Structure formats: C-alpha cells, structure tokens
Amino acid sequence: MINNYWILIPAYNEQKKIALVVKELISHGHTNILVVNDGSKDNTSLEAKNAGAQVIEHIINRGQGAALQTGLSYLSENKSPECIITFDADGQHDVTDIPKFLNQDFTKIDIVLGSRFLGTQINIPIMRKIILKLGVIFTNIVSGISLTDTHNGFRAFGRKAYQEIKISQRGMEHASEIIEEIVKKKLQYKEIPVTIHYSDYSLEKGQRTVGFIKIALKVILRKLL
Amino acid sequence: MSILQIIILIIISFTASRTLLRFNDKSIGYGEFIFWTFIWTTILVLAVKPYLSDTIAQALGVQRGTDIMFFFGTIVLFYLIFRLYVKLDSLDRHLTELNSNTSKAIHKLKK
C-alpha cells in the first residue's frame, strides 16, 4: 500500500462542506490534503485551513480543470508523491474508497479511474444517470477508449500520469480531456468501483443538463479547431 | 457623388488612418497592415465605382455585384470571427496559466 500520497481537492464556494470533508479525510488517516480554492466568494479557504488542509488560493475563479492543474503541478514540483488522489469538495466521494486506490500497483498502472457504474450510486436521480451515460458514450467515441464512467472526479494519478497529463480545459470539460490525454500519452489505466453519494447539496452544486450539453459542444469545437 | 458615398469615404478614411497609426506604433505587423489596407481599399473602390462590382461578378459567373459583395463579405466576417475565437482562447489559456503560477508562488512565499 502506498504511503507517500496526497489528496487534492478543487473547491469553489464550498464553505458548508469543505471542513467536514477535510476532517473526515484526516480522521481516516489521510493527512496530506491540498485544497485549491478556486477564487471562492465565501469562507472556503478559512474553513479548509482550520480543518487541517493546506490551501492554494486562485486569485480569480478559473474552473475545476484549472484548479486541478494548479494542484497537480504544485504537488509535482514540490512534493513528488507516488500518487495524487483527486477528491470532490462537496462530500459526494466516499473516504472508505481511498484504500482501493492506494492498493493499486503504480509501477504498472499510471492512472486509476473511479467508476460509479462499476460501484454504487446512492440517490442518483434518473435524469443525471441518463446524462452521465450519454456522456460516457460521447467521450468514448471522441477519445476512442472504452470506459464505464468518464466524468468521475475520483481518480488517482501515478507519478507518470501527473507529470505527463496537462489539463488545458479549465472548466468541467477537463474530464474528457484527461481521457484523451490517457490515450494520447499511452498511459496505463484501470477503472475501479467507487461509491458516489448524491445529496440535495451535491446535486445543487453539480452540473445541470445544459452544462453537459455545453461540455459536449466545447469538446467538439476543440476537436475541430 | 451621393451622400452615402461621401459617408462611406469619411468612415473608410478614418479607419484606414487608424490602421496606419497602429502599424506605425507597431501594434500590428506587416501581414495585418496589408490585410486591412486591402479590405479598406476594396470597399473604397467599390463605393466610388459601384459598377466595378458588377464587372467582377460577371467575370466570376455571378449576375449581380451585390451578390458577390455579400458572398465575400460573409467569408471575411467568418474568417475574422475565427481569428477572434483563436485569439480569445489563447488569452484565456494564458490568464489561467498566470493565475495558476501566481497562486503557487504566493503559496510558497507564505510557507
């Protein structure tokens, strides 16, 4: 099991949940936590710091993809851990899934992708499930890869993956870009089952249907230009 | 010369002078200067001698000069929108990179 790892949490206006998420991670022994506060207008930063996380502050809001890239490059340049696990700030991810990522052999696998469709989705609305499934089909066609879940933020980047993957899409379309980078850089990947807890809060914070259409359009536009 | 032609002449003279000024202060390069000068000159010539558009149209197998002007106008507009999109995208990426690098540097200084 890997000991030298960091948990990376991109956060935007998450003052209600971030402290709970950080404290839960620490209570399970995951003490290396980096929160990238993506220009929040609330007290996300203070809450995360008080809960025990290190915090990098984006001066302005640039989106989840940008926050992830900041965190990945910072940890790569300064900590060089064996793996970096990306974790959502809204409490959707299950802390008890983390050991599943840490038990992977990162000498053979470059990136481990969490899949809610191999695992469990608690309280997932049917519309969200349909949209996510369509997103999977779309991303698989665009990237030429076969995955069961393409827009899940629960991932573990091994050293080769976090050094080679460059996220240039600053918004939510970064999820499709990561899959494309895996293909382009010929990285070894593996999907493992994870549990996603949907709550009123996480659904309120998450993507709307229109958001998914926007992501698809941006991915198509990027492919064309 | 009609009032419309005079108005077009004034507008073109003004925009052409701005292009020259921007070229002189090196805000735009040779390529852009030539491109814009060509655009303004074409509009100027067609405004003063509108029948020329009919001659060009007929040479290209189109009946009316207005059709050919509309056609080329649309192409130029699409091209300019494309260039703007590319430029905006590049600016957006640079802003994200600048934001990220500044954030990391400030975090290191605070530690």
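Which residues line the largest cavity? The legends below take up this question and then turn to other parts of the predicted model. Residues are numbered from 1 along each chain as its sequence is written, and chains are lettered from A and ligands numbered from 1 in the order in which they are written. In this predicted model, local features need pLDDT of at least 70, side-chain atom pairs count only at pLDDT 80 or more, and totals for chains, interfaces and linings use all residues, while side-chain values use heavy atoms, with hydrogens and water left out.

**View 1. The largest cavity.** The lining consists of A:Pro10, A:Gln64, A:Leu68, A:Thr86, A:Phe87, A:Asp88, A:Gly153, A:Arg155 and A:His174. The volume of this cavity is about 40 Å³, and the count of cavities of 30 Å³ or more comes to 2. Rolling a probe the size of a water molecule over the atoms shows where empty space is left. On a 1 Å grid over the protein atoms alone, a cavity is a set of points where a 1.4 Å probe fits but cannot get out, and a pocket is an open set with protein on both sides within 12 Å along at least five of seven lines; lining residues have an atom within 4 Å of a point. Grid points are joined across faces, edges and corners, and a volume is the space filled by probe spheres set on the points.

**View 2. The second largest pocket.** About 460 Å³ of space lies in this pocket. Its lining has 16 residues, and B:Thr42, B:Leu46, B:Met69, B:Phe72 and B:Gly73 are those nearest its centre. At least two lining residues come from each of helix 2 (30-48), helix 3 and helix 4 of chain B, and helix 2 of chain B gives the most, with 7 residues. Helices (H or I, at least four residues) and strands (E, at least two) are DSSP runs, numbered from the N terminus.

**View 3. Nonpolar cores.** A nonpolar core is a set of buried Ala, Val, Leu, Ile, Met, Phe, Trp, Tyr and Cys residues joined through side-chain atoms within 4.5 Å. Buried means under 20% relative accessible area, exposed over 50%, and partly exposed in between (1.4 Å probe, protein chains only). The largest core holds 41 residues, and A:Ile7, A:Ile9, A:Leu25, A:Val35, A:Ile85, A:Phe87 and A:Ile98 have the most contacts inside it. Helix 1 (residues 18-27) of chain A provides the largest share of this core, 5 residues. A second, separate core of 24 residues includes A:Ala67, A:Leu68, A:Ile145 and A:Ile182.

**View 4. Helix 7 of chain A.** This helix (residues 174-184) is largely enclosed by the rest of the structure, because 9 of its 11 residues are buried. Among the buried residues are A:His174, A:Glu177, A:Ile178 and A:Ile182. Just after the helix, A:Lys186 takes a positive phi of about 55 degrees.

**View 5. Helix 4 of chain B.** At 1.5 Å a residue, the 46 residues of this helix (residues 65-110) should span 68 Å, and its end C-alpha atoms are 67 Å apart, which agrees. The expected span is 1.5 Å times one less than the number of residues. Its buried residues include B:Gly65, B:Ile68, B:Thr96, B:Asn99 and B:His107. Their cover includes strand 3 (54-57) and helix 3 (64-78) of chain A together with helix 3 of chain B.

View 6. A:Arg62 lies in the loop between strand 3 and helix 3 of chain A. With a relative accessible area of 6%, A:Arg62 is buried. Contact means heavy atoms within 4.5 Å. Apart from neighbours within four places in sequence, A:Arg62 is in contact with A:Asp38, A:Arg170, B:Asp92, B:Leu95, B:Thr96 and B:Asn99.

**View 7. Two loop residues with positive phi.** A:Asn13, in the loop between strand 1 and helix 1 of chain A, has a phi near 50 degrees, a positive value in a residue other than glycine. A:Asn13 counts as partly exposed, at 23% relative accessibility. A:Ser80, in the loop between helix 3 and strand 4 (83-86) of chain A, has a positive phi of about 45 degrees although it is not a glycine. A:Ser80 is partly exposed, at 29% relative accessibility.
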